[in-house]
Amino acid sequence: MTVTQAAAERLIRIGEVARGAGVSVRAVRYYEQQGLLIAERSPSGQRLYRQDAITLVRFFQQMFTAGLTSRTIAELLPCWDSGHTDAEQRAILRAERDRLQAKVDDLQAALDRLDEVIAITDTHP
């Protein structure tokens, strides 16, 4: 799509996306290389993105932090775009949720243990 085709929608430059999402420009380029983000090009070749790119990049960051791969994120991206899933996508979503819940449970157990140690050490000068 060219910039003239998207004239009705304000497009933003890569730096705006990076600042808005709290990531580096390099990270935005990486998401594009992975096929997660699509840039349009200005006549001078600058990357231009739709406004929702900031929200998408934040979503990618959350999913990467949670341990999902770019391939898994790419498989789930149609769910984000359409709001609909097929059985295979739902299975992926549930498996990732179960994996994350197990990590949360492990982290909560570690946090509880640290709280116990803090409580014990708080009673001693």
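I count a residue as buried when its relative accessible area is under 20%, as exposed when it is over 50%, and as partly exposed in between. The model is predicted, and I kept that in mind throughout.

**Entry: Gln89.** I looked up Gln89 first. Its relative accessibility is 12%, so Gln89 counts as buried. Gln89 sits in helix H5. I then listed its contacts, leaving aside neighbours within four places in sequence. Gln89 is in contact with Glu75, Leu76, Pro78, Cys79 and His84.

**Entry: Glu75.** I followed one of those contacts back. Glu75 belongs to helix H4. Not counting residues up to four places away in sequence, Glu75 touches Gln89 and Ile92. Glu75 and Gly22 are 53 residues apart along the chain, and their C-alpha atoms are separated by 24 Å.

**Entry: Arg90.** I moved on to Arg90, which is in helix H5. Its relative accessible area is 33%, so Arg90 is partly exposed. Arg90 and Gly15 lie 75 residues apart along the chain, with 34 Å between their C-alpha atoms.

**Entry: H5 as a whole.** Next I took the helix end to end. H5 covers residues 87-122, which is 36 residues. From first C-alpha to last, H5 reaches 51 Å. That is close to the 52 Å expected at 1.5 Å a residue. Which residues of H5 are buried? I got Gln89, Ile92 and Glu96. These buried residues pack against helix H4, residues 70-82. I also inspected the start of H5. There, a side-chain oxygen of Asp86 comes to within 3.1 Å of the backbone nitrogen of Glu88.

**Entry: H3 against H4.** Two packed helices are described by the angle between their axes and the distance between the axes. I looked up both values. Helix H3, residues 53-65, packs with H4 at an angle of about 135°, and the axes are 11 Å apart. That angle makes H3 oblique to H4. The crossing of H3 past H4 is right-handed. Which residues meet there? From H3 I noted Thr55, Leu56, Phe59, Phe60, Met63 and Phe64. From H4 I noted Ser70, Ile73, Leu77 and Trp80.

**Closing note.** H4 meets residues of H3, and the buried residues of H5 pack against H4 as well.

Methods. Residues are numbered from 1 along each chain as its sequence is written. This is a predicted model: local features need pLDDT of at least 70, side-chain atom pairs count only at pLDDT 80 or more; totals for chains, interfaces and linings use all residues. Side-chain values use heavy atoms; hydrogens and water are left out. Helices (H or I, at least four residues) and strands (E, at least two) are DSSP runs, numbered from the N terminus. The expected span of a helix is 1.5 Å times one less than its number of residues. Buried means under 20% relative accessible area, exposed over 50%, partly exposed in between (1.4 Å probe, protein chains only). Contact means heavy atoms within 4.5 Å. A polar contact is a pair of N or O atoms within 3.5 Å; within protein, one must be able to donate a hydrogen and the other to accept it, and residues adjacent in sequence count only if both atoms are side-chain atoms. Axes are lines fitted to C-alpha atoms, for helices over the stretch in contact, and angles run from 0 to 180 degrees between N-to-C directions. Angles under 35 degrees count as roughly parallel, over 145 as roughly antiparallel, 65 to 115 as roughly perpendicular and the rest as oblique. A crossing is left-handed if the near helix is turned anticlockwise from the far one by less than a right angle, and right-handed if clockwise.
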